[in-house]
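I set down what I looked up, entry by entry.

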Amino acid sequence: MIPEKEQNELKASLTHLKQEAIRLGATDSAVIFSGDIRVDDYLAAFCNGEYTCPNYGLAASCPPHVQGPEQFRKWQGKSRYSITVKIELPSSVMFSYGREDVMRLLHQVVVGVEKKAIEFGFSQSQAFAGGSCKQLFCEENKTCCVVADRLPCRHMDEARPSMSGFGIDVTQMMNTSGWPVVATKQNKGGPEDSSWVAGLVLVA
Ligand code: SF4
């Protein structure tokens, strides 16, 4: 049982982290129980499944270089709460080159929330985003220097691993956050339709 004062401080910190996500550019942010995040090995296997992702193996933050669902479950076990973020965007942008700017923003938002969580004393907090950081941040570079040369990441302050490589069920995470994905499934990709991208910070 957490003492009331500590409980109130925790609540205030989590509220502040949500506000930070929105301040940095998220459309919305939510607090969920980390234990409610569903992780499936078969989702992680999609990265190199029947259809192999063109970014598979290119960056330190994608499979097979990430530790995958097994490690995520261990981190999850040490985290009581998580901050989820979503950025809404018109479907027309989602399916254009403009999507990359939104994905970069998503990475920057979760990095900002992670930093703030660490400042608040949650020193083991970890952020996850989506998309390949090789494509988003290092497209001009031939290789990921972490994978190729064992050097530190060139964009440590901006880039985070993709949720996909850890088998995180993003649709379930969205629903748990109170953002039903059903509505977007009804979209037909018309100019007025909206889409979204999502990210996660395990607070620990
Ligand atoms: S160096 Fe570039 S490709 Fe490699 S992990 Fe960092 S951002 Fe990703």
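How do strand 2 and strand 4 pair, and over how many bridges? I found that strand 2 and strand 4 (residues 194-203) pair in the antiparallel sense over 10 bridges. Two strands count as paired if DSSP finds at least two bridges between them. Helices (H or I, at least four residues) and strands (E, at least two) are DSSP runs, numbered from the N terminus.

Basis of the entries. I am working with a predicted model, in which local features need pLDDT of at least 70, side-chain atom pairs count only at pLDDT 80 or more, and totals for chains, interfaces and linings use all residues. Residues are numbered from 1 along each chain as its sequence is written.

Strand 2. I noted that strand 1 (residues 28-33) pairs with strand 2 in the antiparallel sense over six bridges. Strand 2 (residues 81-90) is mostly covered, with seven of its 10 residues buried. A residue is buried if 20 or more other C-beta atoms, placed from the backbone, lie within 10 Å of its own, exposed if 12 or fewer, and partly exposed in between.

Ser-82. I located Ser-82 in strand 2. Is Ser-82 buried or exposed? Ser-82 is buried, because 27 other C-beta atoms lie within 10 Å. Apart from neighbours within four places in sequence, its contacts include Ile-32, Ile-37, Leu-200 and Val-203; a contact requires C-beta atoms, placed from the backbone, within 7 Å. I also recorded 26 Å between the C-alpha atoms of Ser-82 and Arg-154, which are 72 residues apart along the chain.

Nonpolar core. I define a nonpolar core as a set of buried Ala, Val, Leu, Ile, Met, Phe, Trp, Tyr and Cys residues joined through C-beta atoms within 7 Å. The largest has 46 residues, and those touching the most other members are Val-85, Val-110, Val-113, Phe-128, Ile-168, Leu-200 and Val-201. Among the elements that each supply at least two residues of this core are helix 1 (4-24), helix 5 (98-119), strand 2 and strand 4. Leaving aside neighbours within four places, Val-85 is in contact with residues including Ala-21, Val-109, Val-113 and Ala-198. In soluble globular proteins, nonpolar side chains tend to be buried together.

Ligand shell. Which residues come nearest to the ligand? Of the 14 residues around the ligand, these are Ala-59, Cys-133, Cys-138, Cys-144 and Cys-153; a residue is near if its C-beta atom, placed from the backbone, lies within 6 Å. Helix 6 and helix 7 (145-149) are the elements that give two or more residues to this shell. Helix 6 contributes the largest share, three residues.

Backbone geometry. I found a cis peptide bond from Pro-63 to Pro-64, with omega near 5°. Pro-64 lies in the loop between helix 2 and helix 3 (68-77). Arg-150, although not a glycine, has a positive phi of about 55°. I placed Arg-150 in the loop between helix 7 and helix 8. Arg-150 is exposed, since it has 8 other C-beta atoms within 10 Å. Most residues other than glycine have a negative phi, and most peptide bonds are trans.

Whole chain. I counted nine helices and four strands in the protein chain. Of its 204 residues, 36% count as buried.

Note on methods:
Two residues are in contact if their C-beta atoms, placed from the backbone, lie within 7 Å.
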